[in-house]
Amino acid sequence: MLKKVERGDGMDKLAVLRQYFGFPAFRAGQQTLIDAVLSGRDALGVMPTGGGKSLCYELPALLLPGLTLVISPLISLMQDQVKGLNAAGIHAAFINSSLTETQI
């Protein structure tokens with residue numbers, strides 16, 4: 001599993017994008033949002049379905065210290081995102097009503 005990317009590792013946001021997410025470049029609006037998050041500013045991203053919103057919190061989560069908590073109302077989206085992140089070697093998990101008390 002991937003450990004947090006340390007600032008001294010020489011990994012920048014573009015290197016993380018390419019290595020862990022497999023994209024050669026950011027889509028429109030993503031870099032602006034990611035820069036805001038990485039600099040500690042509040043940010044709001046409004047993008048269409050499939051516009052790449054998830055990357056705007058997944059990528060900074062790898063570069064910033066600590067745990068990242070994402071609140072989502074869609075169970076299937078949680079499952080898909082966690083499956084994709086785990087497949088890329090990024091540790092992620094979800095808690096929702098599909099789990100038993102023992103699983104939680």
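Colleague: Which helix gives the largest share of the lining of the second largest pocket?

Modeller: H4 does, with five residues. The model is predicted, so local features need pLDDT of at least 70 and side-chain atom pairs pLDDT 80 or more, while totals for chains, interfaces and linings use all residues. Residues are numbered from 1 along each chain as its sequence is written, and side-chain values use heavy atoms, without hydrogens and water.

Colleague: What makes a residue part of the lining of this pocket?

Modeller: It has an atom within 4 Å of a pocket point; a pocket is an open set of points on a 1 Å grid over the protein atoms alone, where a 1.4 Å probe fits, with protein on both sides within 12 Å along at least five of seven lines. Here 27 residues line the second largest pocket, and Gly-52, Lys-53, Ser-54, Leu-55 and Gln-81 lie nearest its centre. Helix H1 (13-21), H3 and helix H4 (75-87) each give two or more residues to this lining. Its residues comprise 14 nonpolar, nine polar and four charged.

Colleague: Why are H2 and H3 called oblique to each other?

Modeller: Helix H2 (residues 30-38) and helix H3 (residues 55-63), both DSSP runs of H or I with at least four residues, pack at about 40 degrees with their axes 9 Å apart. Angles under 35 degrees count as roughly parallel, over 145 as roughly antiparallel, 65 to 115 as roughly perpendicular and the rest as oblique. H2 and H3 are therefore oblique.

Colleague: How do you know which residues of H2 meet H3?

Modeller: By contact, meaning heavy atoms within 4.5 Å. Gln-30, Leu-33, Ile-34, Val-37 and Leu-38 in H2 meet Leu-55, Cys-56, Leu-59, Pro-60 and Leu-63 in H3. The residues of this contact divide into nine nonpolar, one polar and no charged (Ala, Val, Leu, Ile, Met, Phe, Trp, Tyr, Cys and Pro count as nonpolar, Asp, Glu, Lys and Arg as charged, the others as polar).

Colleague: What makes H1 and H3 roughly perpendicular?

Modeller: Their axes cross at roughly 105 degrees and come within 10 Å. H1 and H3 are therefore roughly perpendicular to each other. Lys-13, Val-16, Leu-17, Tyr-20 and Phe-21 in H1 meet Leu-55, Glu-58, Leu-59, Leu-62 and Leu-63 in H3. This contact has eight nonpolar, no polar and two charged residues.

Colleague: Which residues does Lys-13 touch, not counting residues up to four places away in sequence?

Modeller: Lys-13, which lies in helix H1, touches Phe-26, Gln-31, Ile-34, Asp-35, Leu-38, Leu-59 and Leu-63 on that count. Lys-13 and Ala-61 are 48 residues apart in sequence and 11 Å apart in space, C-alpha to C-alpha.

Conventions:
Axes fitted to C-alpha atoms, helices over the stretch in contact; angles between N-to-C directions.
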